[in-house]
There are 2 protein chains.
Amino acid sequence: MSANIPVTAALVREAAVRIRPLARRTPVMTSRSADSLAGAPVFFKCENLQRGGAFKIRGASNLILSISGEQLECGVVAYSSGNHAQATAIAAQHVGAVATIVMPQDAPRSKMDATRDCGARIITYDRLRDSREAIAAQILKDLGATLVPPFDHPLIIAGQGTAALELLEEIPHLDALVTPVGGGGLLSGCATVAKEMNPRIRIFGAEPALADDTFRSFAAGERVEIPPPETIADGLRSPKPGELTFPIVQRLAEAIVLVSEDEIRAAVKFLLLRMKILVEPSGAVSAAAVLFHKLPPELRSIGVILSGGNVDFEDLAGY
Amino acid sequence: MSANIPVTAALVREAAVRIRPLARRTPVMTSRSADSLAGAPVFFKCENLQRGGAFKIRGASNLILSISGEQLECGVVAYSSGNHAQATAIAAQHVGAVATIVMPQDAPRSKMDATRDCGARIITYDRLRDSREAIAAQILKDLGATLVPPFDHPLIIAGQGTAALELLEEIPHLDALVTPVGGGGLLSGCATVAKEMNPRIRIFGAEPALADDTFRSFAAGERVEIPPPETIADGLRSPKPGELTFPIVQRLAEAIVLVSEDEIRAAVKFLLLRMKILVEPSGAVSAAAVLFHKLPPELRSIGVILSGGNVDFEDLAGY
């Protein structure tokens with residue numbers, strides 16, 4: 001449970017064993033149309049088909065399954081725009097702990113409903129005015145509960161890395177790996193294990209141009225905070241990279257690439273209409289990077305993490 | 001190539017070997033929400049993830065790969081509302097033959113485009129006024145080409161049956177199997193091989209209530225023709241069961257069940273939003289039968305063929 005343990009490939013491998021009762025081994029999909037658009041074979045790791053509809057169950061269950069029984073009785077708390085909330089609720093329900101979730105009041109309805117369906121208590125806040133961290137801190141103090149942070153914790157990072165572990169077990173000789181970047185938990189966890197399994201693999205993060213905090217931080221060489229982003233990719237709206245995740249990203253990623261809102265929408269439609277899978281905008285940012293040639297042209301095979309698939313039908317119909 | 005060979009499980013097994021270069025082994029998916037709605041474990045065979053977006057490549061490639069090289073030089077002809085057209089075009093392209101496709105002028109645009117993308121020549125007709133059989137017959141006469149019928153041919157039926165062969169190889173002890181029914185190619189092929197692999201399996205066909213030709217024929221004990229159906233399930237609009245398929249359906253199916261247009265739409269949305277896969281209305285009719293309890297309640301495990309995933313975005317957004 002310590003927040004000071006180093007993030008290593010071994011920690012990711014331990015997570016893979018720990019989360020087995022809760023997380024699904026998701027399929028890796030390919031598509032002739034994607035290969036031809038990308039100009040190289042692309043291997044999509046389908047975390048949209050993960051339990052709870054996103055990769056987040058990997059990190060949340062890795063942390064929650066590490067909490068002692070006594071501590072679990074005080075419950076767990078998470079703040080999240082949705083997928084991490086639902087993941088925390090599912091993992092808490094699995095171990096019989098009470099989950100309290102602090103969510104922005106404009107989070108997609110489907111994500112809020114799904115979180116409530118898992119038995120969690122939901123507290124909403126105004127994303128532009130309130131501090132979710134402050135609200136969560138108050139609840140933690142009141143209940144003595146354990147915080148399940150969305151990304152900035154070694155066990156969360158290691159849990160998220162199991163997505164890349166599975167992908168590289170199946171397709172070992174990838175030239176490159178690209179993941180969406182919000183707070184950086186997925187990217188830093190995946191990069192850590194991928195670089196150990198295949199030291200020559202090139203790591204890229206993909207961000208919406210409207211939520212380019214990690215891109216700016218990468219360029220500046222230090223964590224930069226941006227105003228609350230308004231991207232369609234609601235899962236990637238964190239305004240700055242994590243304290244633990246960013247140094248890992250700095251060390252292991254080659255570049256952070258940016259995609260436009262139109263490119264994200266087009267990627268969602270491509271994945272839906274050509275590959276027949278529903279991927280939410282946040283989850284399709286990595287696919288957009290590949291389909292719109294944001295990565296170096298010489299790559300001969302690319303692994304892409306599609307990080308989630310939770311989207312409201314009304315929103316989708318509007319794309 | 002003979003249209004008189006009997007449809008047997010052995011013919012399905014031969015097809016499975018023959019079509020390997022062209023058809024994908026599609027995944028079998030499960031979902032906690034589906035199980036809980038259906039009241040029994042459900043195993044979805046995802047032919048929406050098949051090459052060309054539907055099971056049709058199985059039958060079309062089984063027949064086309066059986067045509068002699070000399071005969072192939074005269075080309076192949078198919079009439080189809082879309083998925084069979086695209087499948088025929090893909091298989092013809094694979095063997096270097098010219099494909100001419102006769103399509104209704106109101107076929108979904110996505111299906112028409114995809115067929116053209118595979119190098120096929122398209123001839124359109126008015127679904128309510130013209131006879132596609134007559135148009136195809138004229139072309140066959142002019143070109144000396146080979147007809148690839150949509151369902152009523154032993155090699156087409158046997159090819160479609162490979163979907164059930166794969167499903168039962170993976171999940172042998174199913175209580176029941178349900179497939180959508182248009183002309184009956186998929187149902188008769190699947191029933192033939194499934195009953196050989198597991199004689200106690202119960203076979204069901206699912207039809208839109210607005211296109212109930214097989215339901216009526218099943219009740220009447222003979223092939224009944226209905227007026228051109230207007231169901232949203234555009235792939236199931238054939239007005240009567242096949243001459244070859246119907247006796248097989250009569251012998252092996254326990255019942256044909258009907259679903260409403262609303263139930264079809266709800267099934268498409270469930271598969272999309274909960275299971276994150278895009279299934280077209282025709283392909284979701286079987287899922288609708290399970291989700292809306294049209295099958296006997298005592299079934300302890302159900303295999304469902306999701307037969308295709310080709311749908312226009314504008315149509316989908318309107319559901």
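This briefing covers the fold, domains, sheets and chain contacts of a predicted model. Chain A has 14 helices and ten strands. Chain A is divided into domain 1 (9–55 + 153–317) and domain 2 (57–147). Contact between the chains involves 14 residues of chain B and 14 residues of chain A.

**Overall shape of chain A**

- For 319 residues, a compact globule would have a radius of gyration near 20 Å; chain A has 18 Å, so the value agrees with that expectation.
- Along the principal axes, the C-alpha atoms of chain A fill a box of roughly 55 × 45 × 40 Å.
- Of the 319 residues of chain A, 57% count as buried.
- Among contacts in chain A with a separation of 6 or more, 74% come from residues 24 or more positions apart.

**Domains of chain A**

- Domain 1 is written as two segments, 9–55 and 153–317, while domain 2 covers 57–147.
- The C-alpha centres of domain 1 and domain 2 of chain A lie 23 Å apart.
- Across the boundary, 29 residues of domain 1 of chain A are in contact with 22 residues of domain 2 of chain A.
- On the domain 1 side of chain A, α1 (9–18) and α8 (154–170) each supply at least two of the residues that touch domain 2.
- Helix α8(A) gives the most to that side, with seven residues.
- The domain 1 side of chain A that touches domain 2 divides into twelve nonpolar, eleven polar and six charged residues.

**The sheet of chain A**

- Strand β7 (residues 176–180) of chain A pairs with strand β10 (residues 302–306) of chain A in the parallel sense, over three bridges.
- In this pairing, Leu177(A) stands opposite Gly303(A) in β10(A).

- Strand β8 (residues 202–208) of chain B and β9(B) run parallel and are joined by six bridges.
- One bridge links Glu207(B) to its partner Leu258(B) in β9(B).

**Contact between the chains**

- Each chain brings residues to the contact: 14 from chain B and 14 from chain A.
- In chain B, α12 (261–273) and α14 (313–317) each supply at least two residues of the side that touches chain A.
- The largest share of that side, three residues, comes from α12(B).
- The chain B side that touches chain A divides into eight nonpolar, four polar and two charged residues.

- Most residues other than glycine have a negative phi.
- Lys276(A) has a positive phi of about 65° and is not a glycine.
- Lys276(A) is found in the loop between α12 (261–273) and α13 of chain A.
- Lys276(A) counts as buried because 28 other C-beta atoms lie within 10 Å, and the cut-off is 20 or more.
- His293(A) has a positive phi of about 55° and is not a glycine.
- His293(A) sits in the loop between α13 and β10 of chain A.
- His293(A) counts as exposed because 12 other C-beta atoms lie within 10 Å, and the cut-off is 12 or fewer.

Note on methods
Residues numbered from 1 in each chain as written. Chains lettered and ligands numbered in written order. Predicted model: local features only at pLDDT ≥ 70, side-chain atom pairs only at ≥ 80, totals over all residues. Pairing = 2+ DSSP bridges. Helix = DSSP H or I, 4+ residues; strand = E, 2+ residues; numbered from the N terminus. Rg over C-alpha atoms; globule rule 2.2 N^0.38 Å. Contact = placed C-beta atoms within 7 Å. Nonpolar A, V, L, I, M, F, W, Y, C, P; charged D, E, K, R; others polar. Domains from an automatic or database assignment.
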